[in-house]
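Please work through each task before reading its solution.

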Amino acid sequence: MGHAGEATPSEPQDEAGEYLSRNPSRLDDVVARVRLAAPDTLVTAAEEAQRAQREWARVPAPVRGRVIAGFGRLVEANKESLASLVTREIGKPRTEALGEVQEIIDTCDFFVGEGRRLYGQTVPSEMPDKQLFTFRTPVGVATIITAGNFPVAVPSWYLVPALLCGNAVVWKPAEYAAGAARAVAELAWRAGVPAGALNLVYADGEATFRGLETALDRGLVDKVGFTGSSAVGTRVGELCGRYLQSPTLELGGKNPMVVAPDADLDLAVEGALFSGWGTAGQRCTSLGNLIVHRDIHDEFLARLDEAVRGATIGEPTGEVLYGPMLDQKFADNFERILKDIQPHHTVLGSNAVGRISDDAPRAGFRGDHAAGLYYHPVLLDGLRTDDAIFRQETFGPIVGVTTYETLEEAIELGNAPGYGLSAAIYTTDPATAFRFREGIGAGMVSANNSTSGAEAHLPFGGNGKSGNGGRLSGMWVIDQFTRWQSLNWDFSGKLQKAQMDVGAIEPEWDYRLPAELGGQS
């Protein structure tokens with residue numbers, strides 16, 4: 001079992017450089033120091049996982065479920081501490097961090113019972129003295145690579161079902177969330193997950209990719225789960241395809257929200273504010289494009305502009321809409337996104353654009369803006385379909401607005417960027433909501449709710465640039481971490497050949513009903 005500062009089988013530590021995970025709201029606060037591993041470390045971890053998986057799979061599934069139950073209870077007992085660590089390490093507001101930790105608890109609660117419900121089927125045979133069965137079997141070793149914007153909840157979507165189903169895991173978290181990852185792993189080990197069944201590896205992206213390539217080539221990895229950008233997800237998908245593997249890819253989004261002419265505008269403004277600027281827009285489900293009916297555009301935009309300007313931004317330990325960018329690399333990316341603002345755009349939402357500073361202050365800012373990676377919110381009107389900001393995920397506190405006349409046009413605009421993760425519509429007409437659901441390509445659709453927010457027992461995932469169709473959460477994720485196996489048990493004492501030795505009862509094909517039974521005379 002791993003302890004802080006030690007090198008154990010559960011936490012390989014081959015040195016390839018040190019990484020400092022900093023508090024993005026106070027950059028002088030170093031939250032965690034980790035030694036980044038070389039590619040060979042991931043391979044070694046996969047070898048350890050392969051050895052441990054055989055023993056872990058022999059543990060009865062209901063007993064594995066009890067381990068998951070213990071994990072959930074330990075997380076619950078440490079909820080305040082874990083949430084505080086999330087807030088400190090990635091700058092997520094306290095209330096959101098508490099909700100994220102609660103999602104681990106909810107996920108564990110759901111999967112406790114699945115340890116007793118990994119059902120197969122008894123299937124009738126087409127021949128006598130023969131029985132057919134199906135069984136769920138573990139995939140084997142799963143390599144899980146997660147982002148840091150949800151540093152504890154999203155990993156649990158992978159780790160909990162993977163371990164419950166009898167797999168072993170090699171987990172590579174985001175470097176900038178290294179401290180939170182260590183805390184989650186420690187709680188899992190303390191709950192009874194064996195050393196080797198859960199391996200925590202710190203590495204940068206290229207070392208991870210090269211290590212994964214070697215591990216796949218040596219037959220050490222049976223499943224890959226990846227949460228991150230669509231660009232990197234494409235590379236992971238291509239790599240897995242070489243080895244005839246289907247990875248679970250949970251990627252980015254350009255999530256549309258349609259505001260219909262009959263919408264409750266105050267509710268729509270509230271939903272747009274949380275969807276677009278919560279977590280500084282750094283969610284895969286963050287609102288990307290607002291598609292507003294022409295008849296209500298001016299009124300809705302005025303209300304939303306007022307709401308964004310009045311929102312409190314700042315130190316994430318307080319009551320704020322959002323805090324800092326997650327890490328310097330995301331701040332740098334957002335700076336590049338802001339260069340895509342064009343003369344035909346109308347910039348609203350704040351008194352400046354870019355980093356909040358003495359020269360560009362934000363009204364009502366809470367805390368010390370100079371201490372962290374804080375940026376002004378941007379509400380961008382006049383969006384066009386050929387704008388980069390319309391077509392690409394921005395992953396920052398910026399939302400663009402365009403207009404539509406017909407529902408068909410709104411659906412076309414929603415689908416145009418090619419992502420398919422989340423979408424929302426605000427309307428009081430059920431027919432409009434259901435027609436929108438039918439036409440939009442998103443894997444998750446909300447009516448009169450935000451694009452962000454997922455319950456632990458619903459399938460989570462997207463289509464197109466947002467993923468390859470796999471789903472996390474709920475019973476659906478079990479299909480990602482098990483394989484179906486059939487058993488053909490013949491006790492007839494002879495070889496019975498399917499499709500060839502099948503008895504047949506032939507009907508009297510030339511029979512016709514007589515007149516007294518209504519037949520034609």
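Two strands pair if DSSP finds at least two bridges between them; helices (H or I, at least four residues) and strands (E, at least two) are DSSP runs, numbered from the N terminus. The model is predicted, with local features needing pLDDT of at least 70, side-chain atom pairs counting only at pLDDT 80 or more, and totals for chains, interfaces and linings using all residues. Residues are numbered from 1 along each chain as its sequence is written, and side-chain values use heavy atoms, with hydrogens and water left out.

**Exercise 1.** Determine the strands with which β5 pairs, and the burial of its residues.

*Solution.* 
1. Strand β5 (residues 141-145) is joined to strand β8 (residues 223-227) by four bridges, and the two run parallel. Within β8, Phe226 is the bridge partner of Ile145.
2. With strand β6 (residues 168-172), β5 forms five bridges, again in the parallel sense. Here Ala142 has Val169 of β6 as its bridge partner.
3. Together, β5, α5 and β6 make a right-handed β-α-β unit (with the strands pointing away from the viewer, the path from the first strand over the helix to the second runs clockwise).
4. Five of the five residues of β5 are buried (under 20% relative accessible area; exposed is over 50%, partly exposed in between, with a 1.4 Å probe and protein chains only). Val141, Thr143 and Ile145 cover one side, Ala142 and Ile144 the other.

**Exercise 2.** Describe how α2 packs against α5.

*Solution.* 
1. The axes of α2 (residues 61-77) and α5 (residues 153-164) come within 9 Å and cross at roughly 150°. Axes are lines fitted to C-alpha atoms, for helices over the stretch in contact, and angles run from 0 to 180 degrees between N-to-C directions.
2. The helices are therefore roughly antiparallel to each other (an angle over 145 degrees).
3. Ala61, Arg64, Gly65, Ile68 and Phe71 of α2 meet Val160, Leu163 and Leu164 of α5, where contact means heavy atoms within 4.5 Å.

**Exercise 3.** What is the strand order of the open sheet of seven strands, and which strands lie at its edges?

*Solution.* 
1. The order is β12-β13-β14-β11-β10-β16-β17, with mixed pairing.
2. At the edges are β12 (346-348) and β17 (444-447), each of which pairs on one side only.
3. Neighbouring strands of this sheet are turned by 20° against each other on average, direction ignored.
4. Inside the order, β10 (residues 255-259) and β11 (residues 287-293) pair in the parallel sense over five bridges, and Val259 has Val292 of β11 as its bridge partner.

Key
Angles under 35 degrees count as roughly parallel, over 145 as roughly antiparallel, 65 to 115 as roughly perpendicular and the rest as oblique.
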